[in-house]
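Reader: I have some questions about the labels used for this model. Could you set each value against its definition for me?

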Amino acid sequence: MKYKLGFTVVEIVIALVIIAVGFLPIYNLFRQSSAGTMNTVHETIATNYASDLINLCKDIRYADVKDKVSEEKRSFENDTEIIDFIKDLDFTPPTEVEKPFNRKMTLTRYDRRRFMEWLKDLFSGRKKVDSYLVEVSVSFPRMNGSGLDEVSMYTLIMDWTW
């Protein structure tokens, strides 16, 4: 009996398994690089959203904010609250963030000094600067589904007191 030249089904299956195992790391590399690229894109968009609000806050005067905010620390948990606050200050609000991004803003007032600090400033000739520390953070989901990522930016709203 003569044997025909060729491959058996078992040889073909073994060859396919070897090829599949060889291509699996290459597939994972492409999958991870694509998720990394999307994370970078989302981080850039989040930075732009935060930067828009930070640049707007640089035009706001301390006295205007002090008239509207009575607390030492005021948090705005979403874009609707931020936009309402900016409109209340008679400014044009920044662009509203789109899903899946979430923008938050915190104002912390720094205008109180202890007596000894005031006394040192009096003798040294230093001027008191009342200010609000503005923290803007924009969060977004990571592409690999492992939670949220966040971009934060800071600026000061201040007036000189003579």
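**Labels and the values behind them**

Reader: Why is Y62 called buried?

Author: The relative accessible area of Y62 is 4%. Buried means under 20%, exposed is over 50%, and partly exposed lies in between (1.4 Å probe, protein chains only). At 4%, Y62 therefore counts as buried. One caveat: this is a predicted model, so local features need pLDDT of at least 70 and side-chain atom pairs 80 or more, while totals for chains, interfaces and linings use all residues. Numbering starts from 1 along each chain as its sequence is written, and side-chain values use heavy atoms, with hydrogens and water left out.

Reader: How many aromatic pairs are there, and what makes the one between Y62 and Y132 tilted?

Author: There are four aromatic pairs. For Y62 and Y132, the ring centres are 5.1 Å apart and the planes sit at 35 degrees. Rings of Phe, Tyr and Trp (its six-membered ring) pair if their centres lie within 6.5 Å; planes under 30 degrees apart are stacked, over 60 edge-to-face, and the rest tilted. So 5.1 Å makes a pair, and 35 degrees makes it tilted. The partners come from distant parts of the chain, 70 residues apart: Y62 is in helix α2 (residues 62-68) and Y132 in strand β3. Helices (H or I, at least four residues) and strands (E, at least two) are DSSP runs, numbered from the N terminus. Y132 has a relative accessible area of 0%, so it is buried.

Reader: Why are F101 and F140 described as tilted too?

Author: Their centres are 5.9 Å apart with planes at 50 degrees, so they form a tilted pair. F101 is in the loop between α3 (79-88) and β2 (102-110), whereas F140 is in strand β3, so the pair ties together parts 39 residues apart in sequence. Both F101 and F140 are buried, and together with Y49 they make up one aromatic cluster.

Reader: What makes R109 buried, and which residues does it touch?

Author: R109, in strand β2, has a relative accessible area of 10%, so it counts as buried. Contact means heavy atoms within 4.5 Å. Setting aside neighbours within four places in sequence, the contacts of R109 include Y62, E71, E72, S131 and Y132.

Reader: And how do you know that S131 is buried?

Author: S131 comes out at 9%, so it is buried. It belongs to strand β3 (residues 128-141). Beyond four places in sequence, S131 touches Y62, T108, R109, Y110, L156, I157 and M158.
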